[in-house]
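Student: I have a structure open and would like to go through some of its residues. Can we take it piece by piece?
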Amino acid sequence: MITIRIRNFTILSLLLVFLLPWIFFLAGHFMETKTFRFVTNEAEQEKVEQAVRLVENHPEKWTDAAWQSQLSRQLEEMGLGASILSGDNQVIFQTNAGKKPAFAKTERFSVVQDGSVIGRVAIYESNPRAMQMMAAIAGFFLALVIIGVAMRRLIIKPLEELSLHAREVAKGDFDGTLPPAAIAEMAEVREGFRVLVSGLKESFRKQVELEEERRFVMAAMAHDLRTPLFALRGYLDGLTQGIARSPEKMAKYVAVCKEKSAQLDRLVEDLFTYAKTEYPDVGLRRQSVDLSGVIGRSIQSLRLQARQKNISIVENAVEPSCMISGDAHLLERAWTNLLENAVRHTPDDGEIVVQCRQQDGKVTFAVRDSGQGFSEEELRCAFEPLYRGEGSRSRATGGAGLGLTISRRIIRQHGGDLAVANHAEGGALLSGWIPLENRQIDETGK
């Protein structure tokens, strides 16, 4: 849409106010004189003096009909009118049946002879500028009307519609149509308002999604906590009520209770960490961290669990020093989640390959297992809270469904990202990156 700035609109309005009355003035002059030429005041005065001489030099012919007829023609050619009265104010001669032209100027004088007034003469001269001035005034008011209509259509009406749209947005209606703007400044305000509404709409959508996610998490965690609690209470009742009478059975009940309490501990810990990652700027204690060391400690913490399934964890291309700025505790938690996920879904006698290297100002890493990999649905939903997928990635595997979600949030808090895929040779592949310490300092300026 073609737009015009207020400055240019103001200039055009001033030009219209100046030009339109002038155009009307010229049109009125042409209608009055049938020419665009302007007669000077001296020429007009000369015509009046000539008419005065015609009357003043022939007082003896004032009553002569032939002379009066000739005088009428001469006055008509000069665009003048006249009336002649006798000394006792009797009408001797007059043009236009005695009607005085509108807006006419009058030249009056008396003719004296032998000390006596023998006549009184009036010469009427039509005002040559009256009609033009009226046309110019009409043009001026027409210019004001045109400017008023333009201001109403281009400025006032869009502002009223924009104000109405703002009230609709305040009521939660983000789907209204913004009015078009032909004034450049109005168009800029309209574009800014459109961006504001788009941002509010996106924020509102995210708020709704977060609220739905929060309700889902609360319901799912309540269910996950209730299941081991119910089992724990049942085995404890069996111990207290004497159902487990033999030492072997009592030991089995105690072992199950310990397993369920450990499961509860993991669930509570996952829920606490998940809640902390909801607030990116809270609880992140940055320091220089060697990510290779973090990976090594995470691997050592899971060696026993992997050995129970005869799974080998291979450190392939793990560089000795990959320094980043971050929270060592949270990073270790993220890596433990990734390795736990790999161990949980790797079959017995399988293999987990871990990589970590510096590349293009980043620390890139990957964890590949020899399991069955992700399904199409799992690739889409792997980072959704409490998503466990189907088959081997169900609740039976023991995961709470928060591990990958927590890991990605922690890695994103450190300026990186995490992705899931299937390796070309089979198995699940978790890969990601975190900027090196110097790059993080350059980007944040801290």
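Student: Let's start with tryptophan 22. Is it buried, partly exposed or exposed?
Tutor: This is a predicted model. Tryptophan 22 has a relative accessibility of 44%, so it counts as partly exposed. Partly exposed covers the range between the buried limit of 20% and the exposed limit of 50%.

Student: And phenylalanine 25, buried or exposed?
Tutor: Phenylalanine 25 counts as buried because its relative accessibility is 10%.

Student: Where do tryptophan 22 and phenylalanine 25 sit?
Tutor: Both are in helix α1, 3 residues apart, which is about one turn of the helix.

Student: How many aromatic pairs does the structure hold?
Tutor: There are 5 aromatic pairs in the structure. One of them joins tryptophan 22 and phenylalanine 25, and that pair is stacked, with 5.5 Å centre to centre and 10° between the planes.

Student: What about phenylalanine 140 and phenylalanine 141, what are the angle and the distance there?
Tutor: Their ring centres are 5.7 Å apart and the planes stand at 75°, so this pair is edge-to-face. Over 60 degrees is what edge-to-face requires.

Student: How exposed is phenylalanine 140, and how exposed is phenylalanine 141?
Tutor: Phenylalanine 140 is partly exposed at 34% relative accessibility. Phenylalanine 141 is partly exposed too, with 48%.

Student: Back to helix α1. Which residues does it cover?
Tutor: Helix α1 runs over residues 6-33, and leucine 12 lies in it. Leucine 12 also belongs to a nonpolar surface patch of about 590 Å², along with Ile11, Leu15, Phe18, Leu19 and Ile23.

Student: Which residues does the UniProt annotation "transmembrane region" cover?
Tutor: According to the unreviewed UniProt entry, that annotation covers residues 12-31 and 130-151.

Student: How much helix and strand is in residues 12-31? And in 130-151?
Tutor: Residues 12-31 are 100% helix and 0% strand, with the end C-alpha atoms 28 Å apart. Residues 130-151 are also 100% helix and 0% strand, and there the end C-alpha atoms are separated by 32 Å.

Student: New topic, serine 292. Where is it, and why does it count as buried?
Tutor: Serine 292 is part of helix α7, which spans residues 291-308. It counts as buried because its relative accessibility is 10%, and the limit for buried is under 20%.

Student: What does serine 292 touch?
Tutor: Leaving out residues up to four places away in sequence, serine 292 touches Val318, Glu319, Pro320, Ser321, Cys322 and Cys356.

Student: And what does arginine 357 touch?
Tutor: With residues up to four places away left out again, its contacts are Ala317, Glu319, Cys322, Lys362, Val363 and Thr364. Arginine 357 is in strand β8 and is partly exposed, at 33% relative accessible area.

Student: How far is arginine 357 from histidine 414?
Tutor: Their C-alpha atoms are separated by 17 Å, and the two residues are 57 residues apart along the chain.

Student: Last one, backbone angles. What is phi for asparagine 310?
Tutor: Phi of asparagine 310 is near 55°, which is positive in a residue other than glycine. Asparagine 310 lies in the loop between α7 and β6.

Student: And aspartate 360, what is its phi, and where is it?
Tutor: Aspartate 360 also is not a glycine, and its phi is positive, about 55°. It is placed in the loop between β8 and β9, and it counts as exposed because its relative accessibility is 66%.

Terms used: Residues are numbered from 1 along each chain as its sequence is written. This is a predicted model: local features need pLDDT of at least 70, side-chain atom pairs count only at pLDDT 80 or more; totals for chains, interfaces and linings use all residues. Side-chain values use heavy atoms; hydrogens and water are left out. Patches are made of residues with over 30% relative accessible area and no salt bridge: like charges are joined within 9 Å, nonpolar side chains (Val, Leu, Ile, Met, Phe, Trp, Tyr) within 5 Å. Accessible areas come from the Shrake-Rupley method with a 1.4 Å probe; for residues, only the protein chains shown count as cover. A salt bridge is a side-chain nitrogen of Lys or Arg within 4 Å of a carboxyl oxygen of Asp or Glu. Helices (H or I, at least four residues) and strands (E, at least two) are DSSP runs, numbered from the N terminus. Buried means under 20% relative accessible area, exposed over 50%, partly exposed in between (1.4 Å probe, protein chains only). Contact means heavy atoms within 4.5 Å. UniProt positions are given in the numbering used here, feature names are shortened, and annotations may be inferred rather than shown by experiment. Rings of Phe, Tyr and Trp (its six-membered ring) pair if their centres lie within 6.5 Å; planes under 30 degrees apart count as stacked, over 60 as edge-to-face and the rest as tilted.
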